[in-house]
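Dear colleague,

I am handing over to you the structure shown below. My notes on what was found in it follow directly after.

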Amino acid sequence: MTSQSQGIQQLLQAEKRAKDKLEEAKKRKGKRLKQAKEEAIAEIDHYRLQREKEFRNKQTKVMGSQGNLSAKIEEQTTEAIRNLTSSYHKNMESMMKKLLSAICDINPEVHPNFRHAV
């Protein structure tokens, strides 16, 4: 009976060791999955940063020239407005005098085609 009891005891111990090994393997698997996930996230972030950097470089090349163009156009527009404003202030007084004289100074004349009936 003791041998049977010992055999059962050994089986129980073997079962417990197997269960412990299984638990440890599950823990190792969980750790490895977590580590693999972290590595994948790090790799994805690195790839994303690299692609964003390339995109910004290309965007700077393309948009940089447009940005300069925009600045040049803005500068030209400002210069044209400045010239028109100064021309307006310089010629305003003389133009007002010409308009008023054309409106107010009336010289009645007979039209050249008018025939005086006798």
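The structure holds six salt bridges. Please bear in mind that this is a predicted model.

Lys 16 and Asp 20 are joined through their side chains, with an N to O distance of 4.0 Å. These two residues are four apart in helix H1, so about one helical turn separates them. Lys 16 is exposed, because its relative accessibility of 54% lies over the 50% cut-off. Asp 20, in contrast, has a relative accessible area of 41% and is partly exposed.

A second salt bridge pairs Glu 54 with Arg 51, and their closest N and O atoms lie 3.2 Å apart. The spacing is three residues within helix H1, which again comes to about one helical turn. Glu 54 is partly exposed at 32% relative accessibility, and Arg 51 is partly exposed at 45%.

Along the principal axes, the C-alpha atoms fill a box of roughly 165 × 35 × 25 Å.

How much of the chain is buried? Buried residues account for 0% of the 118 residues. The accessible surface amounts to about 12,100 Å², and carbon and sulfur atoms contribute 58% of that area. As for charge, the chain carries 24 positive and 16 negative charges, whose mean positions are 9 Å apart.

One further residue deserves a mention. Cys 104 is located in helix H1, which spans residues 2–104. Cys 104 is exposed, with a relative accessible area of 55%. Between Cys 104 and Ala 117 there are 31 Å in space, C-alpha to C-alpha, for a separation of 13 residues in sequence.

With kind regards

Definitions and conventions
Residues numbered from 1 in each chain as written. Predicted model: local features only at pLDDT ≥ 70, side-chain atom pairs only at ≥ 80, totals over all residues. Heavy atoms only, no water. Buried < 20%, exposed > 50% of the residue type's maximum accessible area, 1.4 Å probe, protein only. Areas by Shrake-Rupley, 256 points an atom, 1.4 Å probe, with all protein chains shown as cover. Lys, Arg positive; Asp, Glu negative; His and termini not counted. Charge placed at Lys NZ, Arg CZ, Asp CG, Glu CD.
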